[in-house]
Structure formats: structure tokens, C-alpha cells
Amino acid sequence: MQKPTPPRWADRLLEWFCAPHLLEEVQGDLYERFEKNVRVFGEKTASREYIIGVLSFIRPFALKRQTEVSPSLYHKIMISNYFKIAFRNLLKYKGYSFINILGLATGMAVAMLIGLWIYDEFSFNKNHQNYDKIAQVRIREVDEDGVGISTSMQYPLLTELQTNHQANFKHIMATSWNVDNILTAGENKVARKGLFMSASAPEMLTLKMQYGTWDGLKDLNSIMLSASTSQALFGDSNPINQVVKINNEINVKVTGVYEDIPLNAQFNEVKFISPFDLWVAQNKWIRERATTDWDNHFIKIYAQLNDKTDFAQASANIKNAVLNNLGEAFKEQAERKPEVFLLPMSDWHLYNYKYGQVDPEPLRMVWLISIIGAFVLLLACINFMNLSTARSEKRAKEVGVRKAIGSMRVQLIWQFFSESFLVVVFAFFLSLLFVLLGLGWFNQLAAKEMMVPFTNPYFWLISAGFILLTGLLAGSYPALYLSSFQPVKVLKGTFRVGRFASVPRKVLVVVQFTVSVTLIIGTLIVFKQIQFAKNRPVGYTREGVILIGMKSGDFYGKHDLLRNELMSTGAVVEMSESMGAPTGIWSNNDGLEWKGKTEDKTESLGTLVVTPEYGKTIGWQFVQGRDFKRELASDSSGMVVNEAAVKYMGLTNPIGEDVSWKFQKRDRVHYKILGVIKDMVMESPYEPTSPVIFMIKGHGGPNTINIKINPAVSASEALPKIEAVFKKLVPTAPFEYKFLDEEYAKKFAAEERIGQLANFCAILAIFISCLGLFGLASFVAEQRIKEIGIRKILGASVSNLWALLSKDFVLIVIISLFIASPIAYYFMSQWMKKYIYHTEISWWIFALAGIGAMAITVLTVSYQAIKAALMNPVKTLKTE
Amino acid sequence: MKRTYLGEFEEIVLLTVAIMGDMAYGVSITEELEQQTGRSVSVSAVHAALHRLEEKYMVSSHMGEATAERGGRRKRIFTLTALGNRTLDEIRLLRNRMWESIPLKILSALPR
């Protein structure tokens, strides 16, 4: 007979749950018991008893695995202990922990926002999959003014590239200029910027299609809409094969809908695309004159490289694509030695050309911002270091005891690092919260659409690296310094932090305040410069003027009709038409002649065609002479010039002077100067006004309607009345207008952005610095509590003690003022050089920044100082 | 110093370990307990108690020899430590002292 054995499953169960180090004895005992039970009661009972026995072992002691103490585990235990101690320390000194974590979190949030900003700058255009293969075709020309890089190309160059250089490229794409167009679908009308592009564009730019395919532009009469345009025209329905009318002229069929191109890409404004060939077909002048004219630059050309070529090679191949074709007919152009080259997509944003050279501004901006961000983070780290070292005396005893009972130095270093890491990790999560809360505001400030890339593994990788770096940076000083204490000295009490122990701390505070004060001075100067430019006499009235772009043919030839209707509503005092808005000089020309013109006067002058009431609409101011008069037929050959033009022409008595203009190959036309107006700031408010000539008849016509609203009527009342007139007279176009004062304010956007960014960083820098100072002051007050007690007993007044405790800090701030001022002066005078029309860096800015910094410091320190000074000396002296 | 507290079952197990001498291991203790007290005792309860006693340094243990009926597995032999010994002694002294403090009148009334 086979020997009875216990039930297998129960055995298995036991082996599974029982801790390995107990299994042998437990199983042995159960077997022995089983054997005996078999002998006494038989197998069945024995088995049952065995099962009960096994199940009853399911209790904690048998389940719990023995923890093996191996060297690696020993480290684990120590590390968990480090964190435990670190956590207890955080809780014990809540004030310090709060200051540390809040300061670091603020610094990290700034660094993170700025990191996002830099990421956004560098990821510009990267949403296109062919990013490293796309380039824009550019031409470099040399003339007497130097090197010029042009972006607009001639039509024959496109033909030339397609016929003779196609081997280099996968696609060659031509586009029109980006202009507002009116799209109509049924009753819906919208004005959208769009481009006419070659059929390869969707594939080249790897548009994300919602409806339709990349082949959408292959039909001549087609249009592809961005998702937002489609939404505006057709709502949520599928618009494929619907008919859209462009500018009330061309009927096209929707062949595709693509997702809007993200804001950080070159073509973000392109809200619809139609075939380039359609544009050519619609414009007679292109077909008749431009296709062979090497002097007419009016298109843009982009290309995608073949897989086999690189940019340098392709650029070399197409270098003479223009020059070789100029021949005798375009001798003048050939003298300028046009060189065709490719500008890779990666260079479009940060390394683009301006005035013939790579524009250093965008990259400089990136550098500037990243340096400021790094400094703000550094300030936060300095806080941490300072507070830790300041508390070192308190913790010296702890270090002594630890060392005495056998801690190695390495272990102490680890302990302090784990403390700093804990703080940094807390700060990191807090800063994430700050970033999430502040991102909307920051996006508005930076005019971007940034998001925290939570799903991007690199984000977490960088964040981890960031935590590591900050932890090391912030924790290194205490970790290395505190762990070097000698236990005997510390415990015996002979350990004294020397007179100079606080020197590095003070130096760090000086660094903090130097950075903060520099930022404050910088901010003040930027704002002063903006204010200076804003206060500049503008020369016309911006308030209550609205501008309407004449976007379709329907607007034209209705001037008098519109004017009469608008004026009769009572909401409008004047209406006129002009070439471009008053906030820009739309047209510049040479070919002007006047009495006493010298050879060197080759500059182009602004030549703007306006209707006679333009001056009344925008309220220009006359220095001499008179305005245009509609009823005087002779005024159509009159001119109104600005002071800058008079100065440039060198006319002593300008009124009635004869000025003639030869426009390109047309006949010379003669004008008489009727009046001189005060300079109007039409372009950059930081630059001298350029000479401008206004006339009623010129070359080309007005394209903008200016309307001056009756000051007695509010804009909200006036606008519906104006709209009604336009609805009646120009029914095919949507009523879209802009306010002149808002347009003018846009000129300050870039500077205001820098100013606000600097302001933001400066405020946070001073906040972080003060937080650190607050901590230090409370530490000093605590340290000197006995001294204060004794002084009080001996008769020191509260103000005496307050001065005693504040003195050191005020001194530190004064030192940093003296360091910061020249630094700020140097950098800001560099910045000012960019602006011809700029303010002075006056002494009061430094004084203001100094007084401000001082006031904040005194306020911060005073709280602690007065608190210490008011303490009851009996209480402080009683202890020990 | 605070004396380590022993529960009733722990005390009995500890006594049994003392009784068994160098033969004290899970099953033998269980059987001895059953005989001495007449109540049914599970092996796991004894193991748990021994485990606790070892944590309290009342007993020490080492692995003994293997036998065939245990499927070739070794036993864990428990021996009383000095602390265990003293603890038992203290418990007995305490009990004795308390017994002696019972007034004679009441003591004689108790069933013998």
C-alpha cells in the first residue's frame, strides 16, 4: 500500500503563502502531525486536520517575509531614514520650510515658463514633417546700399526652376502674398487671410486633413479651408463640394478641410488655400506681362529637397538661375549680381534675414530671456543655501552627535542632499501648479499658445534633470560644509562659527540684490522708453477713427455715395479714403524731382494717394499753407507734404514749389505744394519720421476707408449706423473695421512685451530675494536674542535695537546698488542704441530703484527686528 | 525596567519549553500542551506563540536533525534563554507571594 500523503493542494498553498524561512519547520511539524493522525485516526481525518492546520497558519507571523539585511538593502534603509529625518526637519521648522519651498517653487515656475517659451521658439515650424527638407528660395543682390536679401521672386524664376533645376527638388511651390480675402458661402461672409499655392503645398506642408485629401488643389477652381474657416462658413457639416465665392468674383469648390496650422508655424495665418494657377488665371497682368518679366518680383517660392541633395548642394546648383537668364534686356538687374539661394525652414524663425544680414534680434531675445530665467532660479537656490548655512550652527550639534556615533561623512552629505531633494521635489510640484495657473496669462503676454507637454517623455526627463540639478545646486553648500564639522569641537562647545563665516552668505545676498536691482532698473528704463515714445507728438487724432479695408471690388467707386450716406446718419463727421492706414506708409517711390535737388537725394519718399477730406478725417495739423479743397479742380495736382519732406528736399519756402514725379516708365507728372503739415508718426514711434507726400492723384489708388465718428455720439451707437450704410451700399462684404488708436497701440507691442516680461521677472526676483532676507533676518534675530535681552535691560530702546538689527542688511543692499547700477547702465544703453528716438537714462531711475529696493528691504527686515526688540527680556534670558 | 508582559498562552508555552528540555519543537510542544492541559491546541497557535517569545528573547532556537516522518525536514529546537528563565521565576514568585497574602480564613475555604 502506498504511504498516505497530505492533500497536494493544501501543501502547495502552504508553500505559496508561508515565509520561506519558516517553511521547513512548519511543513515538517505538519507532516509529523499528519503521520501521527494517520496512525491514530486514519487518513481521512488526518487529511482534514492537515487542511485545517495549513489554513490556521494563515496569520501574520507566517506570512511576513524575513527581511534580509544585505549591503544594498542597508543602503535602502539608510536612504529611507535620510528622507524620514529630512521630512521631520521640514515639519519642525515650518517657517523655514515654507520660505524655502515657496521661494524655490517661484523660481522654478519662472524657469519652467521660460523653458516652455524657449521650447516654443525652437520648435517653430517643427509641426511640418518635412521640416528638414523645406526651404524658401531667396535672392541676394548687391547694390550701392549694400547687400539686399529679397523674399519676393519673379515669375520667370519659377519657370526656370521647374524646367532646369527640378532634379534637386521633390516639390517646388509658389505662393501669392498673404492678403485678406472675403469668402462667401450662401449667406455667410467672412474675411480671411489666405494664400494661392501650388498643388503640392498640402503634401509638402503635411497638412492634417479633416475632410478631403492632399490632392485638393489639383482642380483649378478649388479651395481648401482651415477647420476654423470651415466652421465659420459651414458650421459643423462636411463642406466638401460646397461652393465658396472668393472676393465675390471667383466661384470655387471646397475640396478639403485641414486643421488650422499651429500658431508657432510660419503659415499660421493661412486660413484657406486655393490653387496658385487660379490666381494667375484671374490676374490678367500676370499672364500678359509678368510671366517673362525678370524685374517684377511678386511671388514667393518654396521648395522641398530631394532625398539625395542637401541645402548647400541645391543652393549651389540654382545660384545663377536668375543671372544666367537676364541677358541684354535686364542689364541693370544683372549689375546687381542676383544670387539665388535656399533658406532652410529651420532658419526661418530665428536666423532670418533683415536688411541683408542675419537678424540677431530673435536669437538675442531667446538668450536674454533664458539668462533672466536662469538668474531667477539662481536667486531661489541662493535662498536655500543661505538659510541652510545660517542654520548650520543649530545643526552643528546634530552633526557632532551623528559623527560621534559613527556616521561617515558621506552619509551626512547624503542626509543633507536628501533634505534638499525633498524640498526641491515639493517645490517642483508646487511650481507645476503655479505654471498651470499662470500659463494662460503668460501666453497672453508672450502672444503664444504654449501648453505644458505632460505627455512628452522629454518633458519629464528634463524635469527630472532639473530637479537633480537644482537639488545639487541648492544642497551642495550645506551638504559639503556642514558635514565637514569636527565632532569633538562641536560637542565640546568650542566650535564657533568665525567672524567671517557669514561672509559668503552676505556675498550671496549681494548677488541676489544685484540681480534684482538690475532687473528693476531695466524694467524702469524699458517702461520709460515706451512712455517716451507714447508721449511723442503724433501729429494726428487717433481717437474715434475707424478703418475699413477695401477688400473687394465692391468697395470701389462708391466714395461719394458712401460719404453722403455716412454723414447723413449724423454719427459720422467725416469720411475719406487713403492708401493704407495712417499707421503705415503704404507706398514709397523715387523718381521725384524738385528745384535744387542734389545728387545724393536718392532715397524713396512716401507717396500716398488720399481723397481731399483725409486731413479733416484724421486731423492733421498745418504748419504752412492749406489743405486740399474738393471744389478746386486744380488741387488734383496739388500736394501736401510733411515737415520731414520739406527738410529732406531742402526747401526754404515750400508753398507753391513745383515737384515732379516720374513713376517707372510713365510720363513725368507735375505737382504744386499746397501745404506743409506737422510730422505724423505713421511708422515706428522710435524712429524719425520719414518724408511723406500726400496727393489726390498719383499712381495707384486708395484701399482704406477712414471714418471719423462724431465725438458727440458714442462708438456703440455710431457703429450700427455705419454698419447699416455699408450693408446697404457694399452688401457683398462683411463689415469689418479696426480702431485707429488700437492699431497705433500695436506699434508698442514688442517693447511692451519685453517690458512686461522684465517686470514679471523683476517682481519675482525681488520677491524671492526678500523671502530669503526675511528668513535670514529671523535667523539673526533668533541668534542674538540673548544679546537683545541684555541690551534691553541695560536701557536700549526699540528703535535702537531695530537699527542694530537692520543695519547689516541695509548695508548689503547699498553695496548691491552700487554694483547693479553700472551693470544696468551698460546693458540698457546697449539696448537703447536700437532706438533712434529714445529717452535718456537719467539718474533718478537709479535713485528710484535704490529707494524702492531699500524700502522693501527695510520693511522685510523690520518685521523681524521689531518683533525681536519687543520681546520680553525676562523670558529670553530665563532659559538655560 | 519594565517587565516584558506574557500572555497566558505564551506563559504556558514557555513553561512547556522548559519541561521539554532539549526536545522542544513545534509538534512535541503541542502534544505536551494537549496532555498537560487537556485542551485541543493547534500547531499554528504554538508556532505563533513561539515566534513571539523568540522576538521577546524568552527563547532561542536552532535547527535540529531531520526525521523520515517529517518528510526529511528539520525541526526547530527551542531552548529557554536566561531571560525566559528569570521571567518564569518572577511569575512563580509573584504567584507565590500573592497566594501567601491570601488570608487563612479565605484560603481554607478554597477548594483543595
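Reader: How many cavities of 30 Å³ or more are there?

Author: The model is predicted. A cavity is a set of grid points where a 1.4 Å probe fits but cannot get out. By this rule the count of cavities of 30 Å³ or more is five.

Reader: Which element gives the largest share of the lining of the largest cavity?

Author: The largest cavity holds about 200 Å³ of space and is lined by 17 residues. Elements that give two or more residues to this lining are α5, α6, α16, α18 and α19 of chain A. The largest share is four residues, and it comes from α18(A).

Reader: How do the residues of that lining divide into nonpolar, polar and charged?

Author: Among the residues nearest the centre of the largest cavity are A:Arg391, A:Arg395 and A:Glu419. Over the lining of the largest cavity, the residues divide into three charged, five polar and nine nonpolar.

Reader: How many residues apart in sequence are the parts that the pair of A:Tyr155 and A:Phe298 ties together?

Author: The rings of A:Tyr155 and A:Phe298 are stacked, 6.5 Å centre to centre with 10 degrees between the planes. A:Tyr155 lies in helix α7 and A:Phe298 in strand β12 of chain A, so the parts tied together are apart in sequence by 143 residues.

Reader: Is A:Phe298 buried or exposed?

Author: Buried means under 20% relative accessible area. A:Phe298 has 5% relative accessibility, so it counts as buried.

Reader: Which residue of chain B lies over the face of A:Tyr31?

Author: A charge sits over a ring if, among other conditions, CZ of Arg is within 6 Å of the ring centre. At 4.6 Å from the ring centre of A:Tyr31, the residue is B:Arg73.

Technical notes: Residues are numbered from 1 along each chain as its sequence is written. Chains are lettered from A and ligands numbered from 1 in the order in which they are written. This is a predicted model: local features need pLDDT of at least 70, side-chain atom pairs count only at pLDDT 80 or more; totals for chains, interfaces and linings use all residues. Side-chain values use heavy atoms; hydrogens and water are left out. On a 1 Å grid over the protein atoms alone, a cavity is a set of points where a 1.4 Å probe fits but cannot get out, and a pocket is an open set with protein on both sides within 12 Å along at least five of seven lines; lining residues have an atom within 4 Å of a point. Grid points are joined across faces, edges and corners, and a volume is the space filled by probe spheres set on the points. Ala, Val, Leu, Ile, Met, Phe, Trp, Tyr, Cys and Pro count as nonpolar, Asp, Glu, Lys and Arg as charged, and the others, Gly among them, as polar. Rings of Phe, Tyr and Trp (its six-membered ring) pair if their centres lie within 6.5 Å; planes under 30 degrees apart count as stacked, over 60 as edge-to-face and the rest as tilted. Buried means under 20% relative accessible area, exposed over 50%, partly exposed in between (1.4 Å probe, protein chains only). A charge sits over a ring if NZ of Lys or CZ of Arg is within 6 Å of the ring centre and within 35 degrees of the ring normal.
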